[in-house]
Amino acid sequence: MGSPFEELEAREAAARVRVEELEAELAEQSGKLELAWEALKRLRIARETVAEVLAEMTPEGSAVAVGVGQPTAGGVGVCGG
């Protein structure tokens, strides 16, 4: 067994490696999260656009447009990014 300082240095090196691994994982997950937010935003815009088009095409269209801009089931709205 080495000195207490050698043991601390070894533990510090191991902790540094773990921090670097977690930082790389965080960067990867952050990129995935950004892509998921963008997909969610595009889908919401598509849904709102379809609702607007349907509202213009039908006499009772105002009833269709009521849901535009409202959170979907589960209360999830677009608020990140």
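Predicted model: local features only at pLDDT ≥ 70, side-chain atom pairs only at ≥ 80, totals over all residues.
The chain has 81 residues, of which 4% count as buried. Its secondary structure consists of two helices and zero strands.

**Nonpolar surface patch**
- Val-50, Val-53, Leu-54 and Met-57 form a nonpolar patch on the surface, and together they have about 360 Å² of accessible area.
- Val-50, one of these residues, belongs to helix H1, which covers residues 4-57.
- The relative accessibility of Val-50 is 48%, so this residue counts as partly exposed.

- Arg-11 and Glu-7 are joined through their side chains at 3.0 Å, N to O; the two residues are four apart in helix H1, which means a separation of about one helical turn.
- Within this pair, Arg-11 is exposed at 55% relative accessible area, whereas Glu-7 is partly exposed at 38%.
- A salt bridge of 2.9 Å, N to O, links the side chains of Arg-16 and Glu-12, which are also four residues apart in helix H1, about one turn of the helix.
- Arg-16, with a relative accessible area of 44%, is partly exposed, and Glu-12 is partly exposed at 46%.
- The side chains of Glu-28 and Lys-32 form a salt bridge at 3.4 Å, N to O; because these residues are four apart in helix H1, about one helical turn separates them.
- Glu-28 is partly exposed at 46% relative accessibility, and Lys-32 is partly exposed at 45%.

Technical notes:
Residues numbered from 1 in each chain as written. Heavy atoms only, no water. Patch = residues over 30% accessible without salt bridge, like charges linked within 9 Å, V, L, I, M, F, W, Y side chains within 5 Å. Areas by Shrake-Rupley, 256 points an atom, 1.4 Å probe, with all protein chains shown as cover. Salt bridge = Lys/Arg side-chain N within 4 Å of Asp/Glu carboxyl O. Buried < 20%, exposed > 50% of the residue type's maximum accessible area, 1.4 Å probe, protein only.
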